[in-house]
Amino acid sequence: MSLVVGFPPGGGADQVARIFANALSTELATPVIVENRPGAGSTIAASSVARSNADGYTLYLGNASVMGSDSALYKVDYKPDDFIPVAQLTLSPLVLITNSQLGLNNVQQLIDRAKKQPGAINVASSGNGIVTHLAAVEFMKLTGVNLMHIPFKGGVAAVQSVAAGDTDISFATASSARAAIESGKVTALAVTSADASPLMPYPPIANTVSGYELTNWWGIFVPKDTPPNVLKILFHASNVVLANSEVQQSLAASFEQVTPSGSLEEFSNFARSEGKKGLRLATESMATAN
């Protein structure tokens, strides 16, 4: 059995995948191998899963992108209906970071500087249409600032570019940003959730930008036509894994809050609703994959 991830090893998605896959291997008594297939905003990985056998042996670690924004930004050979959402795993805000040499200490200072220098501040992301990009799109829409978007092939590379001073800011997963924050090379300004996070000691962007809210989540998807009995097995096994205290602690250490779905239908409704929001943001971004 394989769990396909659209990002390189070491980032937030990869960490969630490996923690989950290890525990799922035990629960199902079947090896679950994490396959990293980065590139094109994770669409290379998603495409490979969409074309795989619908037998439950190929899983995809995805989020709202595969349910909406992918089709707006890339020429993909799949659509949201080519996937079945199985189970939500985690939910976590992103953290807004900046290169420490810029001397920015809060969100308002960032907004003020961006307004004084339109387009001069660039924002690194893990790829066009990925939540780390869409978080910046929403920020620009609500604040009226203009940021230059610089996409990378993963969250770790984006954070490294901020730490090196090659880019200025990023809306990053906390797990990708932790080492850079601890090194002092980047400064964490705020989190993207509407309320304070129990896992991160930073104020919400919403304290400064009214109405701002965007969280990242990860869930398990399989190709369409996967049999209902297989879906039930995977859903049950996923929730058993998420109830494991060691799994919860490991995910919390990566700043990921366990958020199991109540049912297959509940997660499907959530994923598709989030996909519509992602599609809206992607369309508003007027971005391309070039």
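**Entry 1: what I count as a cavity.** A cavity here is a set of grid points where a 1.4 Å probe fits but cannot get out. I'm working on a predicted model. By that rule I get four cavities of 30 Å³ or more.

**Entry 2: the chain overall.** The protein chain has 10 helices and 10 strands. Its radius of gyration is 18 Å, close to the 19 Å that the globule rule gives for 290 residues, so the chain is as compact as a globular protein of that length. I also noted the C-alpha trace, which spans about 60 × 40 × 30 Å along its principal axes. Of the 290 residues, 55% count as buried. Then I checked contacts between residues at least 6 apart in sequence: 78% of them join residues at least 24 apart.

**Entry 3: the largest cavity.** I put its volume down as about 150 Å³. It is lined by 16 residues, and Ala64, Val131, Leu134, Thr215 and Glu274 lie nearest its centre. Which elements supply at least two lining residues each? They are α5 (131–143), β9 (215–223) and α10 (264–285). The largest share, four residues, comes from α10. I sorted the lining of this cavity by class and got seven nonpolar, seven polar and two charged residues.

**Entry 4: the second largest cavity.** This one holds about 130 Å³ of space. I find 15 residues in its lining, with Phe7, Ala13, Ser126, Gly155 and Thr173 nearest the centre. Here α1 (12–28), α5, β7 and β9 each supply at least two residues. How many charged residues are in this lining? None: it divides into seven nonpolar and eight polar.

Entry 5: Is β7 mostly covered or open? Mostly covered: β7 runs over residues 169–173, and five of its five residues are buried. For that I used the cut-off of under 20% relative accessible area.

I then looked up what β7 pairs with. Strand β4 (residues 83–99) pairs with β7 in the antiparallel sense, over five bridges. Within β7, Phe171 stands opposite Leu96. Strand β5 (residues 122–125) pairs with β7 too, but in the parallel sense and over two bridges. Ala124 has Ser170 of β7 as its bridge partner.

Methods: Residues are numbered from 1 along each chain as its sequence is written. This is a predicted model: local features need pLDDT of at least 70, side-chain atom pairs count only at pLDDT 80 or more; totals for chains, interfaces and linings use all residues. Side-chain values use heavy atoms; hydrogens and water are left out. Buried means under 20% relative accessible area, exposed over 50%, partly exposed in between (1.4 Å probe, protein chains only). Two strands pair if DSSP finds at least two bridges between them. On a 1 Å grid over the protein atoms alone, a cavity is a set of points where a 1.4 Å probe fits but cannot get out, and a pocket is an open set with protein on both sides within 12 Å along at least five of seven lines; lining residues have an atom within 4 Å of a point. Grid points are joined across faces, edges and corners, and a volume is the space filled by probe spheres set on the points. Ala, Val, Leu, Ile, Met, Phe, Trp, Tyr, Cys and Pro count as nonpolar, Asp, Glu, Lys and Arg as charged, and the others, Gly among them, as polar. The radius of gyration is taken over C-alpha atoms; the globule rule is 2.2 Å times the number of residues to the power 0.38. Contact means heavy atoms within 4.5 Å.
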